[in-house]
Amino acid sequence: MRFRQLTAAFTLMCFLGLGLQSTASAGVIGTADYLAAEARAGHLADINAALNRDDVRTQLIALGVDPVDAAGRVAALSDSELADVAQQIDTLPAGGDGLLAVIGIVFIVLLILEITGVTDIFKKI
Amino acid sequence: MPDWPKWLLLLIAVAISACTAPWRTLAEDPRYELTTVPFFPQTIHQCGPAALATVLGATGIAVEPEALAPEVYLPGRRGSLQVEMLATARRHGRLAYVIEPRIETLLAEISAGNPVLVLQDLGALGIRRWHYAAVVGFDPVSDVLVLRSGKDRRHVVRRERFLRTWQASDNWGVVVSRADTPPATAAASGYVPTLLAAEPYLPAADIDAAYTMMLARWPADPLVRFAAGNHAYGSGHLAEAINDYRTLLKVDPVHIAGLNNLANALLDSGCAVDALAKPGVQKSWLILLPLATAVADTLDKALAATTSVSATEGTGDSVCTAE
């Protein structure tokens with residue numbers, strides 16, 4: 001009975017065309033692979049991650065990061081983080097500082113708001 | 001009342017009231033505030049490195065913002081990305097856990113002694129102005145929060161004001177912690193992937209301690225058991241791994257990856273395996289098809305082993321049978 005079940009399963013896998021590997025650790029499912037599978041990512045995610053890694057590294061360099069630093073920074077990102085960044089590195093929030101174009105009356109209004117503590121616009125950051 | 005602009009009303013209000021906001025000068029109070037959290041005044045655009053150095057410093061990692069800039073600052077954006085803030089904490093041997101996006105959770109972390117790194121939008125009139133800061137205190141009497149922010153060691157801000165600036169980032173808050181001392185509000189489902197991402201940068205002893213801690217804190221959590229089993233397996237502790245997988249399967253009898261890895265650990269221990277012949281397993285295959293290759297490998301190994309083991313009627317090793 002057990003043999004039949006195993007054989008059936010084995011055949012099923014072959015039909016699915018997923019192939020078999022015979023490395024020493026073959027068969028053991030790592031925690032990261034398991035989490036990726038739960039997220040319905042799987043093998044496709046591996047391929048995308050490799051592409052994203054290259055893509056993000058190029059973009060970091062284009063945005064002024066030293067190429068040596070860029071390699072280490074990309075290596076530190078997880079696959080899902082890479083996927084988040086890859087397509088939108090130019091639009092994601094980048095905490096730092098933004099130039100405020102304030103003139104005339106707008107400036108005065110903001111100043112008042114600041115003095116009353118309603119806003120934090122003129123706080124030095 | 002005519003449709004007066006709000007600012008005009010405010011102007012009048014200011015004229016007839018005191019001009020100072022009393023909460024701005026709130027005295028430092030160790031009851032509500034993590035007074036020992038270090039402070040690094042930021043230089044231009046560099047609030048990311050400064051805020052990160054602050055929360056890293058609180059966990060005993062002494063690093064200057066200038067040293068973090070090459071790892072986290074993005075010159076072309078004149079700022080730092082959220083994912084790189086997380087990644088940089090990992091590179092310094094710490095875990096960066098994104099907390100549940102609620103003010104109650106943030107305050108619970110402060111109470112537990114953990115400063116919270118936050119992303120705010122300090123802009124106005126539709127102009128975005130993203131800014132990182134570290135929340136270090138909350139005074140329930142004055143209803144204000146205290147932040148290490150920009151050039152202010154103690155920036156005091158009313159709670160409602162803070163909430164407005166925080167909301168723009170979908171209440172993004174991060175607790176940076178040692179691997180074995182998770183945030184007070186951490187959930188197993190979030191902590192396991194957080195630890196996993198940091199493992200390449202952690203000393204082996206820290207990783208071991210983290211799994212020991214997780215098993216103590218979430219003893220019945222399937223994901224923790226699975227991850228701990230894998231860690232034990234990877235470290236060569238087969239009996240420990242088998243025990244973890246079995247505990248997991250008591251909670252979730254058709255955990256396909258757990259069954260699969262238990263089968264592997266048993267095979268490696270020289271045991272015959274029927275772990276994958278359970279009812280319900282076939283259904284799980286369909287749910288987790290990406291894992292099918294690994295399961296097929298295991299079945300292959302099990303088939304080969306069944307032949308040899310049945311010839312010797314088992315090995316008699318006690319690890320083979322669940323108690």
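This is a predicted model: local features need pLDDT of at least 70, side-chain atom pairs count only at pLDDT 80 or more; totals for chains, interfaces and linings use all residues.
A residue counts as buried if 20 or more other C-beta atoms lie within 10 Å of its own, exposed if 12 or fewer, and partly exposed in between, with C-beta atoms placed from the backbone.

Residues are numbered from 1 along each chain as its sequence is written, while chains are lettered from A and ligands numbered from 1 in the order in which they are written.

**The sheet of chain B**

- Six strands of chain B make an open, antiparallel sheet in the order E2-E7-E3-E4-E5-E6; strands (E, at least two residues) and helices (H or I, at least four) are DSSP runs, numbered from the N terminus.
- At the edges sit E2 (95-98) and E6 (152-158) of chain B, each pairing on one side only; to pair, two strands need at least two DSSP bridges between them.
- Neighbouring strands here are turned by 35 degrees against each other on average, direction ignored.

**A look at E4(B)**

- Eight of the ten residues of E4(B) are buried.
- On one side, E3 (116-121) of chain B pairs with E4 (130-139) of chain B over six bridges, in the antiparallel sense. Here B:Val116 stands opposite B:Val135, and B:Asp121 faces B:Trp130.
- E4(B) also pairs with E5(B), antiparallel over five bridges, with B:Asp139 opposite B:Val144.

- Axes are lines fitted to C-alpha atoms, for helices over the stretch in contact, and angles run from 0 to 180 degrees between N-to-C directions.
- Helix H6 (159-167) of chain B lies across E3, E5 and E6 of chain B, at about 100 degrees to E6(B).

**Back to B:Asp180**

- B:Asp180 is in the loop between E7 and helix H7 (188-198) of chain B.
- Leaving out residues up to four places away in sequence, B:Asp180 touches B:Asp206, B:Ala209, B:Ala210 and B:Met213; contact takes C-beta atoms, placed from the backbone, within 7 Å.

**Over in chain A**

- Helix H2 (31-38) of chain A is largely enclosed by the rest of the structure, because six of its eight residues are buried. Among them are A:Tyr34 and A:Leu35.

Methods: Two residues are in contact if their C-beta atoms, placed from the backbone, lie within 7 Å.
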